[in-house]
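Please look over the notes below with the structure open beside them.

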Amino acid sequence: MKFFFALLAIIIFHTSNTFALSIISDFDDTIKRSNIPNRGLDTVRRALAWKKVYYGMPELFQQLDSQVQDFYILSASPSILERFVEKSLSYYEIPYDYLITRNLITERDIKAYKLDKIRSILDQSHDDFVLIGDDSEKDPETFSKISKEYPSRIKSIYIHKVLNQQNLPQGITTYLTAFDLALSEYKEGRLTYRELERVAGSIIDLSSKDMKKVIPDYAYCPKKPTEFTYKVPLKVIPLNTRVVAKLIKHCLLR
């Protein structure tokens with residue numbers, strides 16, 4: 001009997017010290033097709049066009065929702081446009097717990113703003129984190145700095161290849177679509193094969209004209225299989241082949 005209670009105490013101790021996983025995700029050009037590199041007079045108009053998510057991302061976030069403690073959407077959009085971000089997340093049923101937007105008067109520097117907010121989130125939480133962003137602005141450098149400051153708590157950094165920037169900081173996993181991001185999470189054991197299939201289906205089942213909602217005209221678009229450099233588990237090869245073929249066909253016709 002003493003052995004039983006001792007074993008139970010060990011199990012409870014380890015369970016109580018296993019930290020949950022949370023996600024911090026950027027919004028523009030990570031969830032929404034925003035074309036941030038092309039700034040100018042169209043900035044506000046693009047912000048108001050809230051029905052422009054990257055297809056596959058809602059399905060991915062829905063599959064991940066059961067695996068994470070909290071979802072943080074960290075947007076550099078000005079707070080005055082927050083309701084349009086909320087409309088987009090709500091319309092596409094993208095799960096989130098906290099939405100953070102930027103005060104244009106006191107938070108003018110986007111990198112400093114994101115560093116401050118991410119540090120604040122991590123300092124107030126015991127969770128481990130996955131960071132998701134894109135290469136159109138400063139996410140790679142920002143997330144890399146956070147990873148160095150909190151090395152044991154940042155489990156994965158994913159950067160969307162919008163511009164296909166080279167020489168990104170070490171420790172970053174790039175992704176082209178929601179599928180290869182989902183594939184990385186599958187390999188980490190945080191998604192099942194069935195959940196990966198659902199994300200893949202959101203791309204495979206699209207019509208040709210809708211493929212620009214996966215890779216828009218302004219974004220990097222691979223035209224050869226060799227441009228897909230991620231490793232694929234044997235079980236996933238047939239599914240990956242179908243997704244890659246669909247993407248290459250779209251890029252060649254673009």
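1. Phe 61 and Phe 71 are both buried. Please keep in mind that the model is predicted.

2. The rings of Phe 61 and Phe 71 form a stacked aromatic pair, with centres 5.0 Å apart and 20° between the planes. Phe 61 belongs to helix H3 (residues 57-64) and Phe 71 to strand S2, so the pair links distant parts of the chain, 10 residues apart.

3. Tyr 72, also in strand S2, pairs with Phe 129 in strand S4 (residues 128-134), 57 residues apart. This aromatic pair is tilted, at 6.1 Å centre to centre and 45° between the planes. Tyr 72 and Phe 129 are buried. Ring pairs also bring in Tyr 98, giving a cluster of Tyr 72, Tyr 98 and Phe 129. The structure holds six aromatic pairs.

4. How many of the residues of strand S2 (residues 71-78) are buried? Eight of its eight residues are. In a regular strand, side chains alternate between the two faces of the sheet. On one side of S2 are Phe 71, Ile 73, Ser 75 and Ser 77, on the other Tyr 72, Leu 74, Ala 76 and Pro 78, and both faces are covered.

5. Strand S2 pairs in the parallel sense with strand S1 (residues 21-25) over three bridges; Phe 71 is the bridge partner of Ile 23. Four bridges join S2 to strand S3 (residues 98-102), also parallel, and Leu 74 has Ile 100 as its bridge partner there. From S2 the chain passes through helix H4 (residues 82-91) to S3 in a right-handed β-α-β crossover.

Technical notes:
Residues numbered from 1 in each chain as written. Predicted model: local features only at pLDDT ≥ 70, side-chain atom pairs only at ≥ 80, totals over all residues. Heavy atoms only, no water. Buried < 20%, exposed > 50% of the residue type's maximum accessible area, 1.4 Å probe, protein only. Helix = DSSP H or I, 4+ residues; strand = E, 2+ residues; numbered from the N terminus. Pairing = 2+ DSSP bridges. Right-handed = clockwise from strand over helix to strand, strands pointing away. Phe/Tyr/Trp six-rings, centres within 6.5 Å; stacked < 30°, edge-to-face > 60°.
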